[in-house]
Amino acid sequence: MTDAAEYVPPKIWTWDKENGGQFANINRPIAGATHDKELPVGKHPFQLYSLATPNGVKVTVMLEELLAAGYSGAEYDAWLIRINEGDQFGSGFVDINPNSKIPALVDRSGPEPIRVFESGSILIHLAEKFGVFLPTEQPARAETLSWLMWQMGSAPFLGGGFGHFYAYAPFKQEYPINRYAMEVKRQFDVLDRQLADHEFVAGADYTIADMAIYPWYGAVARGEAYNAAEFLQTHEYKNVMRWADQIAARLAVKRGRMVNRAVGDPSSQLRERHDAGDFDTRTQDKLEPAS
């Protein structure tokens, strides 16, 4: 198809701040802090600075799963980073993650604080620290890490590709939506074929691979992201749907999805989490009751 208004790239790209689309106000072609702002520090061994995007949910689910499994040393404070307001460009956050992306974690359980950034790296760090949700024996370990890296490499096509052009771009365009929808459906097929023969993504056991993949692919499949389940016909991926519903039913997953959430039903928003009791007393519906 020929577009009469076909875009011709200039010889040299320049930054157009008025490029439109959701999140355009926080996108820029340079790194580094834009303002000075120290990050708060709570009382627990782990300090998480995040937002309940799919990448943020990976880590809060992991922490809640650790606590549910009896690892009390995994207690954490979760501080809200409002990326739409540019919190990730504060000097304190950039010190933890020079890439200015959530989630970012500081492990204060040892003699010296350890910064950990990138969601996959955080999952591995926590799994190795507590010796759970990541097999130590081969080939199960390699399988788990392979699927974790599959998610890390594939999700940008789902989010930054399909999700952006389908849900967030300032106007709809046939070519990018079709291009990324095709790739996302291929990825769902990859996942569906794997889950046809395995209860969980990497095999018989629930691992960090499931925790990483579910917030992206499970959410889309269940109609909880981009409002695209019908468009992508995700119900056809029956093994993915079985798995997604199974993961969604876990109490730790339900809790993890609430932490650092600032949109949706107020009862589902626990914007900051500093104690397990906060789920009962500090959700947004209780802090700001309807008038």
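This tour goes from the cores to one helix and then to a pocket.

The model is predicted: local features need pLDDT of at least 70, side-chain atom pairs count only at pLDDT 80 or more, and totals for chains, interfaces and linings use all residues. Residues are numbered from 1 along each chain as its sequence is written, and side-chain values use heavy atoms, without hydrogens and water.

**Cores.** Select Met 62, Leu 126, Phe 162, Leu 191, Ile 208, Tyr 217 and Trp 243. These have the most contacts inside the largest nonpolar core, which has 68 residues. Such a core is a set of buried Ala, Val, Leu, Ile, Met, Phe, Trp, Tyr and Cys residues joined through side-chain atoms within 4.5 Å. Buried means under 20% relative accessible area (1.4 Å probe, protein chains only). Helix α6 gives the most to this core, eleven residues. Helices are DSSP runs (H or I, at least four residues), numbered from the N terminus. Apart from this core lies another, of 14 residues, including Leu 80 and Phe 89.

**Phe 162.** Show its contacts (heavy atoms within 4.5 Å). Among them are Ile 177, Ala 181 and Val 184.

Finish on α4 (140-168). Helix α4 gives the most to the lining of the largest pocket, eight residues.

Conventions: Helices (H or I, at least four residues) and strands (E, at least two) are DSSP runs, numbered from the N terminus. Buried means under 20% relative accessible area, exposed over 50%, partly exposed in between (1.4 Å probe, protein chains only). Lists of a residue's contacts leave out its neighbours within four places in sequence.
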